[in-house]
Amino acid sequence: MTDTHGPDRATDPTAPTPPATEAAEAPRHAYEAMGLRTEGTLIERMGIELGEVSAERVTARMPVAGNTQPAGLLHGGASVMLAETLGSIAAQLHGGPGRAAVGIEVNATHHRGVRDGWVHGEAVAVHRGRTTASYEIVVSDDAGRRVCTARLTCMILSLD
């Protein structure tokens, strides 16, 4: 293979160190490396903080404050939005570059209300196929009690 970038410091310790540049910040998650961002999205507006991110499993947390219904409980739609977000990110990673994951079905069962603190979501792959991917998402409260159980199925589309 032809070296088109000059000496390699890994194999030649005498090679000069390249000058420091103000390069863009390195991607924090694999989905960012694919060009996907959360800035200016519903993810940011809902206060979701992503944790582990892979095609097999995605975790995150979301504050209850600001995501409640008028009665002061976490809005059921907020739980579903968290669930769909986690499953969609995982499905997009499964699909890979040049493909898009789009939700085609989501369902959720709400088990208990939450008034404060954070809810924590975990999406785990149930099926990762060529054209569809399905995830089970569990949303729990700070005490680890199940708040919502959801399932999401995404279609994997080619962008070509």
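**Strands, core and burial in a predicted model**

Modeller: In β5, E136 is the bridge partner of V124. The model is predicted: local features need pLDDT of at least 70, side-chain atom pairs count only at pLDDT 80 or more, and totals for chains, interfaces and linings use all residues.

Biologist: What makes β4 and β5 a pair?

Modeller: Two strands pair if DSSP finds at least two bridges between them. β4 and β5 have 9 bridges, in the antiparallel sense, and therefore meet that condition. β5 and β6 are also antiparallel, over 9 bridges, and one of these joins I137 to A150 in β6. In the hairpin of β5 and β6, with 4 residues between the strands, G144 takes a positive phi near 85 degrees. β3 and β6 pair in the antiparallel sense over 11 bridges, with V102 and M155 as bridge partners.

Biologist: Which elements does the chain hold, and how are they assigned?

Modeller: Helices (H or I, at least four residues) and strands (E, at least two) are DSSP runs, numbered from the N terminus. The chain has 3 helices and 6 strands, in the order α-α-β-β-α-β-β-β-β.

Biologist: Why are β1 and β3 placed at the edges of the sheet?

Modeller: The open sheet runs β1-β2-β4-β5-β6-β3, with antiparallel pairing. β1 and β3 (99-110) each have a single partner strand, so one side of each lacks a neighbour in the sheet.

Biologist: How is α3 set against these strands?

Modeller: α3 lies across β1, β2, β3, β4, β5 and β6, at about 145 degrees to β3. For such angles, axes are lines fitted to C-alpha atoms, for helices over the stretch in contact, and values run from 0 to 180 degrees between N-to-C directions.

Biologist: Why is N67 called buried?

Modeller: Buried means under 20% relative accessible area, exposed over 50%, and partly exposed in between (1.4 Å probe, protein chains only). N67 has 6% relative accessibility and therefore counts as buried. This residue is in the loop between β2 (57-63) and α3 (76-95). Contact means heavy atoms within 4.5 Å; beyond four places in sequence, N67 contacts M46, M62, L73, L74, H75 and A78.

Biologist: What makes a set of residues a nonpolar core?

Modeller: The set must consist of buried Ala, Val, Leu, Ile, Met, Phe, Trp, Tyr and Cys residues joined through side-chain atoms within 4.5 Å. The largest such core has 35 residues, and I48 and I137 have the most contacts inside it. α3 gives the most to this core, with 9 residues. Leaving out residues up to four places away in sequence, I137 touches A83, L86, E122, A123, C148, T149, A150, R151 and L152.

Biologist: How many disulfides does the structure hold, and what would count as one?

Modeller: A disulfide is a pair of cysteine sulfur atoms within 2.5 Å, and the structure holds 0. As for burial, C148 is at 0% relative accessibility and therefore counts as buried; C154, with a relative accessible area of 0%, is buried as well.

How values were computed
Residues numbered from 1 in each chain as written. Heavy atoms only, no water.
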